[in-house]
Amino acid sequence: MSARDERRYVIIGAGAIGGTVGGALTRAGIPAVLVARGRHAEVLASNGITLKTPDGTFRTAVTAAARPEDVRLGERDVLVFATKTQQLDAALQEWVDRPVHGAAGVVGTAGERLPAMTATNGVAAEDNALRYFRRVYGICVWLPAVHLEPGQVIVRSWPVVGQFHIGRWPAALHTPDDSELLATLARTWGPAGVRVRTPDDVAPWKYNKLLSNLGNAVGALTADEAGNIVAAVRREGEEVLRQAGIDFTSFEVSTAARADGPAIRPVPGSDTGPSNSTWQSLSRQTGNVETDFLNGEIVHIAHRHGVAAPVNAALARAARATVRDGRGPGRYTAAELADLLGVTEVSASGS
């Protein structure tokens, strides 16, 4: 990077996604701050981050912070929100009014001056961020990783850890300054292991990922093969988006786009189960899951257009009940879950 292009990335939520990105950027010499909570923040500050990968375990010293007050923001900073979607609003409120410092002193607030990127699942985060930040960039995240232990992330692809589609939200607001920032990301993050693509409009990619993530709760609620349940949930989601007139990138196109992205391989000594965020939340007993922003988003869109999404609604209810009951992943057999959702055909081999 040239001095003119050098930026610092403040990654808010250093879990599976944020921890991997922060660790990869730091290893590549790109300035980054990893913001975390509790014991995780303590371990990051004292021991750095440990990335367990298919090609070995790498421990890297990182700059870590436990709260916004620990970070002195500057004009070249970029905020990358990598929390779960249900945790995002609280994080936005914590950071929006933080002072931004320039050569002559404070030049404004983070919400006024700094780019805010949302590395989250679903499609609600970007509009929520616009309540607080003037410049918002949506990220469609493909990054297979698991965070279960403080200071550690299991990264299932290496050295390419992920692929991000990033764009200004909404796309109509795109400016030459946005082109410069996105070009910098593509140029610098790629060699660090995060492949960046910059479509004209990231929204169809986010909706594609939303459809893909509709199966997260299925993988978290049953340990059985349940491909037909996932297919039923996604079919209903696609139909709702079509009825609402919402454009989404096809799975054929997104699958082809992943060709130069992460390639999942076994991580020695790490048999953790699915890497999806819902499974991780139930495993860690966090007390919440993002299902209401995935399957619940389909229900929300359906209700706004006077139609129903009964399969996704039932799956969201089952996930909420599992959290309320303090249960971990794998609560149901595939047959039990299919009966609960009203899915009549379940194949043992999936689809």
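**View 1. Helix H12, mostly covered.** Of the 10 residues in H12, 7 are buried (buried means under 20% relative accessible area, exposed over 50%, and partly exposed in between, using a 1.4 Å probe and protein chains only). The buried set is Asn295, Gly296, Glu297, Ile298, Val299, Ile301 and Ala302. They pack against helix H7 (203–213), helix H8 (216–221), H9 and helix H13 (310–324). Helices here are DSSP runs of H or I with at least four residues, strands are runs of E with at least two, and both are numbered from the N terminus. Just past the end of H12, Gly306 has a positive phi of about 70°.

This is a predicted model, where local features need pLDDT of at least 70 and side-chain atom pairs count only at pLDDT 80 or more, while totals for chains, interfaces and linings use all residues. Residues are numbered from 1 along each chain as its sequence is written, and side-chain values use heavy atoms, with hydrogens and water left out.

**View 2. H9 meets H12.** Here helix H9 (residues 227–244) packs with helix H12 (residues 295–304) at an angle of about 35°, and their axes are 9 Å apart. Axes are lines fitted to C-alpha atoms, for helices over the stretch in contact, and angles run from 0 to 180 degrees between N-to-C directions. H9 brings Val233, Gly237, Val240, Leu241 and Ala244 to the contact, and H12 brings Asn295, Ile298, Ile301 and Ala302 (contact means heavy atoms within 4.5 Å). Sorted by type, the residues of this contact come out as 7 nonpolar, 2 polar and no charged. For that tally, Ala, Val, Leu, Ile, Met, Phe, Trp, Tyr, Cys and Pro are nonpolar, Asp, Glu, Lys and Arg are charged, and the others, Gly among them, are polar.

**View 3. Two cis peptide bonds.** Trp158 and Pro159 are joined by a cis peptide bond, with omega at about 5°. Look for Pro159 in the loop between strand S13 (152–155) and strand S14 (162–169). The bond from Trp169 to Pro170 is cis too, with omega near -10°. Pro170 sits in the loop between S14 and helix H6 (176–192).

**View 4. Ala103, out in the open.** Ala103 belongs to the loop between strand S8 (99–102) and strand S9 (105–109). Ala103 counts as exposed because its relative accessible area is 89%. From Ala103 to Ala313 it's 210 residues in sequence and 52 Å in space, C-alpha to C-alpha.
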